[in-house]
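This report describes the fold of one protein chain and then turns to particular side chains within it. Please keep the sequence and the structure in view while reading.

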Amino acid sequence: AQAPSDLKHRAKHRARMGEAWLTARCVSEFLGTFVLVATVCANGLADDSIWGGVGIGCSLAVMIYALGKVSGAHFNPAVSVACGLAGKCSPKDVFFYIVSQLTGGFLGAMVSMIMYDEKGITLGPGTKPGNLGEQYTWWQACAVEFIYTFMLCFVILNVACSKMHAGRNQFYGLAIGFVIIAAAYGGGNISGACLNPAVSVAIDINSAMITGTSPTGYSIMYVIAELLGAALAAGLFRLVRPEDYTEGDDGSSGYPLSAKLVSEFLGTYMLVLTVGLNVLTKSVAGAFSISASLMCMIYALGTVSGAHFNPAVTVAVVASRRGKCSPEEGAKYIVVQLAAGLLAARTYCLLTGDTFTSLKPAGSDWTQVFIAELIWTAVLAFIVLSVATVQSSLSEYFGLAIGLCVTVGGCAIGGISGGSLNPAVSLGIASSGDLRAVWHFIPYAFIELSAGAMAAGLFYVTQPSEFQTEWMGEDPAAEVEEGAGVLMRDVSGRDDFAPEGPEAAFKAATLGLSKVKEASFDIEERSIQKCTKKSKSLGRCVPCLF
């Protein structure tokens, strides 16, 4: 038994270490927020409307990767509040984090404003495009702050704090940073897209100090909206990640249908909303912002519902006939996605005070629209099938690959068809425009759903191994050894070739790699094409080496 003096000494040591770790975490939060807010202000003062959003998003991403392991890399009082409400951060840490963040943000804004000849930044609603200086209203600006702060906190909770993802991925910084890109170009023209009480307060107070004026007061409105967005994120996180609040549940047994439908609704809503805001505010980087919103929500919710967010993708997944999504579940997905598209359309019309004239661009004919939407919607659905639904799916870059399809399609056919690529997007645009052109949704939806079915057909033709039902035998290592022997006998012409053990088989196959590639043989007939069950010795079957 330990002496009382030893126990007391150990308790004091643990207390000192706890204080040291808290100090490190607070310094981490101070430093990360300092860099983030300094970058926000520097880009705002430089008036870089094209690359400013990318620069700010990248600053957040790199600091998250640098300091995430220390403090969790909140760098935002709203994020700390969301983590506290979700049970992912203690009240004590939340308090000290917020103090560190506000201090770091204040100094970061001061440094940038001094660096730019003591200029200030006006916090508040932006100016509407083409309306001779008419500004958006305070409630429109606050609504943008509320919605995109919700998105930011929700993505962080899912990719960095959930049981499913915390400490198990490398995409967390990319997903979080790209929320800023989605918001900066989608809602930045309306509110400035602060999404962070440390940013809002630092800009308002420092600008007032430098210019000798009174604070605008918008910082208070923004902070309230941002904290409400954080609270909503924490609440919805509990709905889509029930395993985080169930003892012994790690999510591996699957998610209830309710969580999946909420997931599809949220992802589709944020996607369609970002589409409308970028177009109606005449964003300079619309396609990139929209792809960023899709990518972030895929990373956040892909493990819940599959993150379709698109009826055409759902059709493609169902039509691929591999049990990834049943027809009944797919039908429910589509209903929820279309409902989210309608609500998002109402939202972006309210936030901008503007509407679309029609879904189909006036300068294009239906043949052009048909070709454009069919090809690029099929590309999007095909990429989803190929990177996210296969047996060896991408573990880190699936969201990036799928999201970039929107950049590809938006830049390629935006001037021809609008680059909708999604019946939920098409329904939202059609319903928000001239009622005489609402019928445009019908041919658009038909084309896009047909493209989803076409993508499933192309997937079937190009990736037949995904439809194999044969499994390797009871002894995968023995089959690897036997398969390697067959391959090398075919190549060398030696009937007596018989490697001893899977390691020998691996070495023999590797040495004959160049010849094996040239050999003509039917892997499928030799029952070694599939590697669902892997050899413990080799890690995978011999044909996969090629």
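## Overall Fold

In the protein chain, 78% of the contacts between residues at least 6 apart in sequence join residues at least 24 apart. The model is a predicted one. Its secondary structure consists of 20 helices and zero strands.

Of the 546 residues in the protein chain, 51% are buried. The accessible surface of the chain amounts to about 24300 Å², and carbon and sulfur atoms account for 62% of that surface.

How many salt bridges does the structure hold? There are six. One of them joins the side chains of arginine 25 and aspartate 93, with a distance of 3.1 Å from N to O. Arginine 25 belongs to helix α1 (residues 4-46), whereas aspartate 93 belongs to helix α4 (residues 91-115). The two residues are 68 residues apart, and the pair thus links distant parts of the chain.

## A Salt Bridge Between Two Loops

The side chains of arginine 322 and glutamate 466 form a salt bridge at 3.8 Å, N to O. Arginine 322 is located in the loop between α12 (311-319) and α13 (327-352), and glutamate 466 in the loop between α17 (441-462) and α18 (476-492), so this pair ties together parts that lie 144 residues apart in sequence. Both arginine 322 and glutamate 466 are buried.

## A Salt Bridge Between Arginine 241 and Glutamate 243

A further salt bridge connects the side chains of arginine 241 and glutamate 243, with 3.9 Å from N to O. Arginine 241 has a relative accessible area of 0% and is therefore buried. Glutamate 243 is likewise buried, because its relative accessible area is 1%.

Serine 207 is part of helix α8, which spans residues 197-211. Why does serine 207 count as buried? It does so because its relative accessibility is 6%, and the limit for a buried residue is under 20%.

Which residues does serine 207 touch, when those up to four places away in sequence are not counted? Serine 207 touches Met113, Gly120, Ile121, Ala202 and Thr213.

Note on methods:
Residues numbered from 1 in each chain as written. Predicted model: local features only at pLDDT ≥ 70, side-chain atom pairs only at ≥ 80, totals over all residues. Heavy atoms only, no water. Salt bridge = Lys/Arg side-chain N within 4 Å of Asp/Glu carboxyl O. Helix = DSSP H or I, 4+ residues; strand = E, 2+ residues; numbered from the N terminus. Buried < 20%, exposed > 50% of the residue type's maximum accessible area, 1.4 Å probe, protein only. Contact = heavy atoms within 4.5 Å. Areas by Shrake-Rupley, 256 points an atom, 1.4 Å probe, with all protein chains shown as cover.
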